[in-house]
Amino acid sequence: MKRTDLTTPEHELSPADLSKLLTRIGQQRDVDAFETLFRHYGPRVRSFMAMKTRDTQLAEELMQETMMAVWNKAVQFDPARGNVSAWIFTIARNQRIDAFRRKRPMFDENDPAFVKDDVLPADLELEERQDAELLRKAMETLPPEQLDVIKRAFFDEASHSTIAQDMGIPLGTVKSRIRLAFEKLRSTLEAVR
Amino acid sequence: MNVQHQVSDELLLDYASGNLSEGWSLAVATHLALCPQARRRLQAMEGAAGALFDKISVSEKVTDTDWDKMKAKLSGSRSAGQVISRPSQSEGVIPEPLRSYLGGDVSTLKWRALGRGAYQIRIDTGDPETQVRLLRIPAGKPVPEHTHDGRELTLVLAGSFYDGQDLFARGDLEEADGSLLHTPTAAEGEDCICLAVTERPLKFSSWVVRMIQPILKI
């Protein structure tokens, strides 16, 4: 059965596997599925937290809190969107922001003044399923210096001027690398639409 | 409605990575509520972060002890459940998250006169880095007191304004820095309501800047 395959720790997990696991956690409160997800993402979340905090103990606590939030919010994950890693990243990011007592206002999709996307949901779902795979491949084609800037922004939570200083490049170069990288990623995504 | 002036990649990346303070984030998040195209760009960025997350270097695996600790917490926890959509109200002018900061939509706001027919409301945030205001500029009039140094974000919520040749309408976000000399002017026909976020001025430095501005012609 698929179930046993997915919950074997040694199994190489594809984006589709991860999506199934998270859906099972949300809908059936499946502890075995959560264990697999925990063993897969726990070390990644811990590394992510350690990059900013430089504190193993705190990174461990934030990892546990992030994975707790994954368990609690799993039912909100939309399997049609497919990208579990992006979803877990946003949860980890928000936990890190909370830990430093900062605020990051967010839009509310259920707000009557919210302007909805006029693309048909069915089309969007298909696009988003493809996006996870495509993005992964597109990221691999980025020049290393562009990838480096994006990594620093996401993982070290470094400001553009800090990145410029650390890399010994002008601020304008940091900004142009960001623009070039995302233009490339978007054009890759749009090419298949 | 199609937003013509979207948030830049640099600013959006700061928001996506959680690296933007509350005041600036309020302008970006409210812009995102009005601009589906910018939300797709945000989603692509978060997707990129997910792809990086998969490849993050991992020093050690989680142990059985780690899992036991996690598992012990699960029994006591409750599912957050689906978000229940609220009863639909009439479509508002000011979307979330800004509306909650203001405590209501345009009809309930208490404006303070700025002179020359312009009004403002100061918005409190916990962010010491920024000054956040809602401005109402009478149709056809320039934005008053418009000297700033450092970054400035302006999000149009109603009406529109011209800055040089560019027209900014509902949902449009203008990003300006201190080097830009500009005189935004509300377009004819309708008062312009916009959210303005600026770097919080340091009293003396801004006074000094004001003194030397005419000399340097900046």
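**Exercise 1.** In which loop of chain B does B:Val62 lie? State also whether B:Val62 is buried or exposed, and which residues are in contact with B:Val62 beyond its neighbours within four places in sequence.

*Solution.* The model is predicted: local features need pLDDT of at least 70, side-chain atom pairs count only at pLDDT 80 or more, and totals for chains, interfaces and linings use all residues. Residues are numbered from 1 along each chain as its sequence is written, while chains are lettered from A and ligands numbered from 1 in the order in which they are written.

Step 1. B:Val62 lies in the loop between α3 (36–54) and α4 (64–74) of chain B. Helices (H or I, at least four residues) and strands (E, at least two) are DSSP runs, numbered from the N terminus.

Step 2. B:Val62 has 23 other C-beta atoms within 10 Å, so this residue is buried. The term buried requires 20 or more other C-beta atoms within 10 Å of the residue's own; exposed means 12 or fewer, partly exposed is in between, and C-beta atoms are placed from the backbone.

Step 3. Contact means that the C-beta atoms of two residues, placed from the backbone, lie within 7 Å. Leaving aside neighbours within four places in sequence, B:Val62 is in contact with A:Phe38, A:Arg39, A:Gly42 and A:Pro43 of chain A, and with B:Trp67 of chain B.

**Exercise 2.** Describe the pairing of strand β3 of chain B with β2(B) and with β9(B).

*Solution.* Step 1. Two strands pair if DSSP finds at least two bridges between them. β2 (residues 118–123) and β3(B) run antiparallel and are joined by five bridges; B:Gln120 has B:Leu135 as its bridge partner in β3(B). A hairpin of six residues connects β2(B) to β3(B).

Step 2. With β9 (residues 192–199) of chain B, β3(B) pairs in the antiparallel sense over eight bridges. Here B:Leu134 is the bridge partner of B:Leu195 in β9(B).

Step 3. In β3 (residues 130–137) of chain B, six of the eight residues are buried, so the strand is largely enclosed by the rest of the structure.

**Exercise 3.** What is the strand order in the open sheet of three strands in chain B, and which strands stand at its edges?

*Solution.* Step 1. The order is β6-β5-β8, with antiparallel pairing.

Step 2. β6 (166–169) and β8 (185–186) of chain B are the edge strands; each has a single partner strand, so one side of each is left without a neighbour in the sheet.

Step 3. Four bridges join β5 (residues 160–163) of chain B to β6(B), and B:Phe161 stands opposite B:Phe168 in β6(B).
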